[in-house]
Amino acid sequence: MKLNNLIKSQNISLLWLFLVTMLTLGVVVPLDTTANYFLSSHAITIMLLFLGTGFVGFVLRNNTIIFPSFLACIVLCTFIKESLTQEFTYSTPTDDIEVRVAHLVLDDKESITAFAQSFSGLEADFLSIQTPIEPTLELRLTQELGKKMPYWNKTICNNNTAMFIFSSYELKDLDTVYYNGNQAVSLVGSMFIDSTHDQISFLSTRVPVDRGLRQETEKHLERLSQYINNNFQDKPLLTLSGTKLASWTPELQEFRTAHRLNDSEMDLELRTRDEHIFYSKDLVCTGFSNILDGNGVLATYQFRTPKKTAYNYKNDTKGAAL
């Protein structure tokens, strides 16, 4: 009887060890599978599961549960920490100009309807929207938002996604990035803040992610990297992305490292979100929040090196339309 119990106990321990190993490898080892993307997006939940299970094993005094659970938790914690932004706190706002940037990804009718009912109260200087093509919404956006943010543009991606940008600041050097011929992948340009500040360049993109699309994802980011190197080298840059890729996935990590981009979201959530705003070393992030019932994010930025003679370009009636 004792032998049977011992065998069952060993089998359970081996099963738990196998499960812990597979879940951990599923997060840290990049594989082009649906399971891998799912595990990556739930890495925080898995890490907390291992932590909780380790404490349960500690109470039960079961070493075969304690050690694998805590070890896997440490591995995931280290893996995620290494992939996070280099700045661990939001910067304290100064008297210099502050730019409020909102980014929304509207994938379904519910989120589109919710946004259409409440966007008039959105306080932002620059707004990026990625949504399925919806003529009615486009008409409302241009009519209502155009009153507060008169500078705008849009592009249509091949997956029938419309990318809009609205700005209180004058938009310059607008362009559309393509790859593989006519496949639109990004809407880019610059915001003219004022005569004493550098322009803030922006890049709004929708990164493809799904089983069998890892190669497409890599090509997409590689094309964006080429464009950044050719046009935005050593310039203040905001990258607004709609993707279900977590910040710690190898593709995004390599892209961010190559261009020294920080993630505006410093707080960890149990699940990854679609909206990402990365900012370059020339800027600092002073705040970040979820808006519109989680369908978007709002972040505030300032220049890393304040301009003592700066004035707010939006209040200059000669330079901006109000």
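Helices (H or I, at least four residues) and strands (E, at least two) are DSSP runs, numbered from the N terminus. The structure is a predicted model, in which local features need pLDDT of at least 70 and side-chain atom pairs count only at pLDDT 80 or more, while totals for chains, interfaces and linings use all residues. Residues are numbered from 1 along each chain as its sequence is written, and side-chain values use heavy atoms, with hydrogens and water left out.

The protein has eight helices and twelve strands. Of its 322 residues, 48% are buried. Buried means under 20% relative accessible area, exposed over 50%, and partly exposed in between (1.4 Å probe, protein chains only). Contact means heavy atoms within 4.5 Å. Among contacts between residues at least 6 apart in sequence, 63% join residues at least 24 apart.

Helix α3 spans residues 43-60 and has 18 residues. From first C-alpha to last it reaches 26 Å, close to the 26 Å expected at 1.5 Å a residue. The expected span is 1.5 Å times one less than the number of residues. Buried residues of α3 include Ile44, Met47, Phe50 and Gly54.

Helix α8 (residues 250-259) buries Glu251, Leu252, Phe255, Arg256 and His259. These residues cover an arc of only 120 degrees around the axis, which puts them on the same side of α8. The arc is that of the directions from the helix axis to the C-beta atoms. An α-helix has 3.6 residues a turn, so residues three or four places apart point the same way. Glu254, Thr257 and Ala258 are exposed on the other side of α8. Arg260 follows α8 and has a positive phi, near 55 degrees.

Six strands form an open sheet with mixed pairing, in the order β3-β4-β2-β1-β12-β11. Strands β3 (151-156) and β11 (283-291) stand at the edges with a single partner strand each, so one side of each lacks a neighbour in the sheet. Two strands pair if DSSP finds at least two bridges between them. The twist averages 15 degrees from one strand to the next. Axes are lines fitted to C-alpha atoms, for helices over the stretch in contact, and angles run from 0 to 180 degrees between N-to-C directions. Strands β1 (residues 99-105) and β2 (residues 126-132) run parallel and are joined by five bridges. Val101 stands opposite Phe126 in β2. Helix α6 (residues 135-148) packs on the sheet and touches β2, β3 and β4 (161-167). The direction of α6 makes about 5 degrees with that of β4.

Thr286 is found in strand β11. Thr286 counts as buried, at 12% relative accessibility. Its side chain makes a polar contact with the side chain of Glu98 (2.7 Å). Another polar contact, of 2.6 Å, joins the side chains of Thr286 and Thr300. A polar contact is a pair of N or O atoms within 3.5 Å; within protein, one must be able to donate a hydrogen and the other to accept it, and residues adjacent in sequence count only if both atoms are side-chain atoms. Not counting residues up to four places away in sequence, Thr286 touches residues including Tyr90, Pro93 and Tyr301.

Leu106 lies in the loop between β1 and α5 (109-118). At 0% relative accessibility, Leu106 counts as buried. Beyond four places in sequence, residues touched by Leu106 include Phe115, Ile129 and Asn295. The C-alpha atoms of Leu106 and Gly242 are separated by 9.5 Å, with the two residues 136 apart along the chain.
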